[in-house]
Amino acid sequence: MAKIQILIGSVYGAAEQVAEIAAETLRDEGHEVSLNTYARAEDLVRDTNEVLLLCHSNTGSGELPDNIQPIYLHITRDYPRIAGKRYGVINLADSSYSTFNEAGRLLDAAFADLGAVRIGEPLIIDACVGDDADAMTREWISQWAQQL
Ligand SMILES: Cc1cc2nc3c(=O)[nH]c(=O)nc-3n(C[C@H](O)[C@H](O)[C@H](O)COP(=O)(O)O)c2cc1C
């Protein structure tokens, strides 16, 4: 069973709710899960065996929510030693924006640039087409966890 830290970035709470559903499903499957709404630099490297799950929305014009922005700045300015670190991605976005999921792609690329290893394809939940966030998350997270 895996140890998983979910890093949350949310403005109005939708991504936080998705993170809670993901956590509940993972715990039901026997994983050890912590939720982090205000992740800071040290949280990325607090446990070498821990898998990270980035669960955040997009805001502004393709920007990250304020509560996960410090992680992006830390990665792109300080180059922490996260090579080999396993992570997954859940993005909440809206395809009516020309900046559809731009922040999601930026943070994912920042992790990959430092050699972190993404597990599976990102789950992109599109508010514009009325995606059922709860159902999509439950289905995706089980498949994701099987790849750990
Ligand atoms: C002011 C505002 C700006 C947004 N900007 C973007 C954007 O640039 N790109 C995108 O894909 N989605 C964008 N969205 C859509 C949100 O990411 C989506 O509604 C998400 O479900 C919000 O989750 P949250 O409540 O966790 O913040 C925006 C939403 C709002 C309200």
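Predicted model: local features only at pLDDT ≥ 70, side-chain atom pairs only at ≥ 80, totals over all residues.

Me: Which elements give two or more residues to the lining of the largest pocket?

Reply: The lining is made up of 20 residues, and those closest to the pocket's centre are Ser57, Asn58, Thr59, Leu92 and Asp94. By class, the lining has 10 nonpolar, nine polar and one charged residues. The elements that contribute two or more residues to this lining are strand S4 (86-93) and helix H1.

Me: What is the handedness of the crossover from S1 through helix H1 to S2?

Reply: Strand S1, residues 3-9, pairs with strand S2, residues 32-36, in the parallel sense over five bridges, and within this pairing Ile6 stands opposite Leu35. Between the two strands the chain passes through helix H1, residues 14-28, and this β-α-β crossover is right-handed.

Me: Which residue has a polar side-chain atom 2.8 Å from an oxygen atom of the ligand?

Reply: There are 19 residues around the ligand, and Ser10, Ala15, Asn58, Gly62 and Thr99 come nearest. A polar backbone atom of Val11 is 2.9 Å from an oxygen atom of the ligand, while for Asp94 a polar backbone atom is 3.1 Å from a ligand oxygen atom. In those two cases the backbone supplies the polar atom, whereas the residue that places a polar side-chain atom 2.8 Å from an oxygen atom of the ligand is Ser57.

Note on methods:
Residues numbered from 1 in each chain as written. Heavy atoms only, no water. Pairing = 2+ DSSP bridges. Helix = DSSP H or I, 4+ residues; strand = E, 2+ residues; numbered from the N terminus. Right-handed = clockwise from strand over helix to strand, strands pointing away. 1 Å grid on protein atoms, 1.4 Å probe; cavity = no way out; pocket = protein on both sides within 12 Å on 5 of 7 lines; lining within 4 Å. Nonpolar A, V, L, I, M, F, W, Y, C, P; charged D, E, K, R; others polar. Near = heavy atom within 4 Å. Polar contact = N/O pair within 3.5 Å; in protein donor to acceptor, adjacent residues only side chain to side chain.
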